[in-house]
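Notebook open, model loaded. I want to go through strands, pockets and a helix, and then check a few backbone angles.

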Amino acid sequence: MAPYHIRKYQESDRKRVLGLFSQGMAEHVPATFRHTLKLPPTLVLLLGGPLAVFPVSGSWLSALVASLTLLTTLWFLAKYSWTQHTVKALQTDLSDITKYYFSERGSCFWVVESEGQVVGTVGALPVEEPTLQKKQVELLRLSVALEHRGQGIAKALVRTVLQFARDQGYSEVVLNTTIMQSPALAIYHSMGFQETHQSFAFQSFRLMAIPLIHFIYHLPSAQVSPAPGQGGGP
């Protein structure tokens, strides 16, 4: 296992960071396609479609074409959904990482470097919700290059965000991920994150029954009572 170290993002990292993110999103397309194939409505269409087409057309070739058309449509839907997710990120915080993550105190973006190459990323942005009673920061863009996974890098990045949150006086760390990202789910559960609710990022994800799972981590330091004479607010 090659040694690695975590450092703050620099503009010279931009191309590699965007490449890592886009590659990571593209990796989810095959798993999403397989997930969609297992859904009851899909199975009904795959099995019943040819049987419905054959009596009308009198041709098994037409029935086969109908099945292939459905499979192609499902693959396109899976690819479109993750492309949509990627484009949204590239148009928001990843469009200018320095601006979004380094303009104000309380946010940051880190990369993992191994043998002179960026192999992982993670970011932290404050949650700006006026109704929140506690100060929250959101963990974003956790990604590790495929060939460097299984080395504890993702956990090290999560720990970096947790320590940053403590140092910045946050009470909670929040994040979201999808059911397709099972390794990430396992990491968050193992590190003490708790599921809060589910939602759908896009209508296409709803159609494929792929919810976003929202997590929260309550920082232990936030549960300590303030010393006498000190305010309890953030």
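Below are my entries, in the order I looked things up.

**Entry 1: what I am looking at.** This is a predicted model, so I keep in mind that local features need pLDDT of at least 70.

**Entry 2: strand E2.** I started with E2, residues 108-114, and asked how many of its residues are buried. Seven of seven are, so I noted the strand as mostly covered. Then I looked at the two faces. In a regular strand, side chains alternate between the two faces of the sheet. On one side of E2 I find Cys108, Trp110, Val112 and Ser114, and on the other Phe109, Val111 and Glu113; all of these are buried. Both faces are covered, then.

**Entry 3: neighbours of E2.** Which strands pair with E2? Strand E1, residues 5-8, runs antiparallel to E2 and is joined to it by four bridges. I picked out Lys8, whose bridge partner in E2 is Trp110. Strand E3, residues 117-126, is also antiparallel to E2, with seven bridges between them. Ser114 stands opposite Gln117 in E3. The hairpin of E2 and E3 has two residues between the strands, and I noted that Glu115 there takes a positive phi near 55°.

**Entry 4: the largest pocket.** I looked up its volume and got about 1,200 Å³. Its lining has 45 residues, and those closest to the centre are Met25, Leu142, Asn176, Thr177 and Gln181. Which element gives the largest share of the lining? That is E4, with seven residues. Helices H1, H2, H4, H6 and H7 each supply at least two, as do strands E4 and E5. Sorted by class, I have 24 nonpolar, 14 polar and seven charged residues in this lining.

**Entry 5: the second largest pocket.** Here the volume is about 460 Å³. Of its 23 lining residues, Leu125, Pro126, Val127, Glu128 and Glu138 are the closest to the centre. Helix H5 (97-102) gives two or more residues to the lining, and so do E3, E4, E5, E6 and E7. The classes come out as nine nonpolar, eight polar and six charged.

**Entry 6: helix H1.** I checked the length of H1 against expectation. Its 13 residues should span 18 Å at 1.5 Å a residue, and the end C-alpha atoms are 18 Å apart, so the two agree. Next I listed the buried residues of H1: Val17, Leu18, Leu20, Phe21, Gly24 and Met25. They cover an arc of only 160° around the axis, so they sit on the same side of H1.

**Entry 7: positive phi.** Most residues other than glycine have a negative phi. I followed up two exceptions. Arg141, not a glycine, has a positive phi of about 55°, and its place is in strand E4. Is Arg141 buried or exposed? Its relative accessibility is 19%, and because the cut-off for buried is under 20%, Arg141 counts as buried. Ala209 is the other one I looked up, with a positive phi near 55°. I placed Ala209 in the loop between helix H8 (203-207) and E7. At 32% relative accessibility, Ala209 counts as partly exposed.

Key: Residues are numbered from 1 along each chain as its sequence is written. This is a predicted model: local features need pLDDT of at least 70, side-chain atom pairs count only at pLDDT 80 or more; totals for chains, interfaces and linings use all residues. Side-chain values use heavy atoms; hydrogens and water are left out. Buried means under 20% relative accessible area, exposed over 50%, partly exposed in between (1.4 Å probe, protein chains only). Two strands pair if DSSP finds at least two bridges between them. On a 1 Å grid over the protein atoms alone, a cavity is a set of points where a 1.4 Å probe fits but cannot get out, and a pocket is an open set with protein on both sides within 12 Å along at least five of seven lines; lining residues have an atom within 4 Å of a point. Grid points are joined across faces, edges and corners, and a volume is the space filled by probe spheres set on the points. Ala, Val, Leu, Ile, Met, Phe, Trp, Tyr, Cys and Pro count as nonpolar, Asp, Glu, Lys and Arg as charged, and the others, Gly among them, as polar. The expected span of a helix is 1.5 Å times one less than its number of residues. The arc is that of the directions from the helix axis to the C-beta atoms.
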